[in-house]
Amino acid sequence: MDTTRFSNRRVAITGGAGGIGQAIARRLVAEGAEVFALDRKGLEGLPEGVSGLELDLGSPASVAEVVASLYAGDDRPVDLVNSAGIVEDDVAAVDMPIEQFDAVIGVNLRGVFLTCQAFGRELMARGGGAIVNIASMSGNAVVNFPQKQSAYNTSKAAVTALTKSLAVEWGPSGVRVNALSPGYVDTPLNHLKAHMHDTWKRDVVVDRFATPEEVAGSVAFLLSDDASYYVGAELLMDGGYSLR
Ligand SMILES: NC(=O)c1ccc[n+]([C@@H]2O[C@H](COP(=O)([O-])OP(=O)(O)OC[C@H]3O[C@@H](n4cnc5c(N)ncnc54)[C@H](O)[C@@H]3O)[C@@H](O)[C@H]2O)c1
């Protein structure tokens with residue numbers, strides 16, 4: 001690993017206290033970045049070298065406050081990884097309360113829009129940077145089985161569409177926006193559904209879930225100069241799940 005690949009880079013990770021977010025934070029610190037974990041909870045147990053900032057993605061004011069504090073006294077650009085996301089209970093679409101639909105879209109899509117807009121504006125003012133949005137194979141590649149998650153799946157498809165739209169608007173200003181779509185990853189998000197793991201694994205070609213570290217490696221790639229020609233791409237890493 002090149003411990004200087006991200007020297008002099010600053011990166012903020014929403015959901016940075018979560019399973020995937022922490023792995024991304026560890027990876028970027030190991031490669032020399034200054035890393036900020038933005039989350040609504042869990043900030044007391046962050047990996048070494050990671051600074052925590054409280055963020056409520058439901059609040060535009062909270063997003064603006066975090067961005068202002070990142071640039072207070074330091075004008076260097078801050079790249080962005082959107083890893084925050086929620087999954088609600090499995091509910092058939094015909095029975096889904098609109099409040100549940102709104103809650104999922106509110107964090108997974110509206111929240112991503114808010115942070116992209118606030119961070120993207122600052123990156124463009126400083127000549128460019130990189131944004132990586134964690135979408136999901138559940139957005140475009142598959143409809144997961146057996147769980148009924150129409151709101152989640154829709155939110156992730158929309159994250160990819162948003163990523164492409166922003167990439168086209170901001171690419172000429174030097175801001176690369178890309179999406180990473182993992183399949184099943186071994187994190188707390190999935191532990192509640194342990195009874196479904198055998199069903200899920202049956203269709204993973206490599207017969208296991210991804211590790212958060214594997215996701216982090218792909219995020220690091222998309223942030224790096226090696227991905228300089230990736231503009232509005234969706235990288236699918238699903239262990240072959242969508243091929244079955
Ligand atoms: N785990 C998987 O199998 C998997 C697969 C594909 C995609 N993803 C996506 O990867 C991302 C990370 O997932 P994870 O497994 O690390 O989940 P996680 O639950 O461990 O982490 C998500 C983090 O987002 C934070 N968050 C939620 N709502 C927030 C809000 N309103 N404001 C600020 N922070 C908020 C949570 O506090 C949590 O720390 C999510 O977007 C998820 O949809 C996960």
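Select the ligand to begin: it sits in the largest pocket, where sitting in a pocket requires more than half of the molecule's atoms to lie within 2 Å of the pocket's grid points. The model is predicted, with local features requiring pLDDT of at least 70 and side-chain atom pairs pLDDT 80 or more, whereas totals for chains, interfaces and linings use all residues. Residues are numbered from 1 along each chain as its sequence is written, and side-chain values use heavy atoms, without hydrogens and water.

**The pocket**

Display the largest pocket, whose volume is about 1,200 Å³. A pocket is an open set of points on a 1 Å grid over the protein atoms alone, with protein on both sides within 12 Å along at least five of seven lines; its lining residues have an atom within 4 Å of a point. Next, select Gly85, Ile86, Val87, Thr187 and Leu189, which are the closest to the pocket centre of the 46 lining residues. The lining comprises 20 nonpolar, 17 polar and nine charged residues, with Gly counted as polar and Tyr as nonpolar. Colour helix H1 (19-30), strand S2 (34-39), helix H4 (137-140), helix H5 (150-170) and helix H6 (188-191): each contributes at least two residues to this lining. Helices (H or I, at least four residues) and strands (E, at least two) are DSSP runs.

**The ligand shell**

Return to the ligand and show the 28 residues that surround it, of which Ile20, Asp39, Tyr152, Thr187 and Asn190 are the closest; a residue belongs here if one of its heavy atoms lies within 4 Å. H1, H5 and H6 each supply at least two residues of this shell, which divides into 14 nonpolar, nine polar and five charged residues.

Now inspect the polar contacts (N or O pairs within 3.5 Å). At Leu55, a polar backbone atom lies 3.4 Å from a ligand nitrogen atom. The protein covers 94% of the 830 Å² of accessible area that the ligand has on its own, by the Shrake-Rupley method with a 1.4 Å probe.

**Backbone details**

Move to Pro146, in the loop between H4 and H5. A cis peptide bond joins Phe145 to Pro146, with omega about 5 degrees. Finally, select Asn8 in the segment before strand S1 (10-14); phi of Asn8 is near 70 degrees, a positive value in a residue other than glycine.

Note on methods: 1 Å grid on protein atoms, 1.4 Å probe; cavity = no way out; pocket = protein on both sides within 12 Å on 5 of 7 lines; lining within 4 Å. Points joined across faces, edges and corners; volume = space filled by probe spheres on them. Polar contact = N/O pair within 3.5 Å; in protein donor to acceptor, adjacent residues only side chain to side chain.
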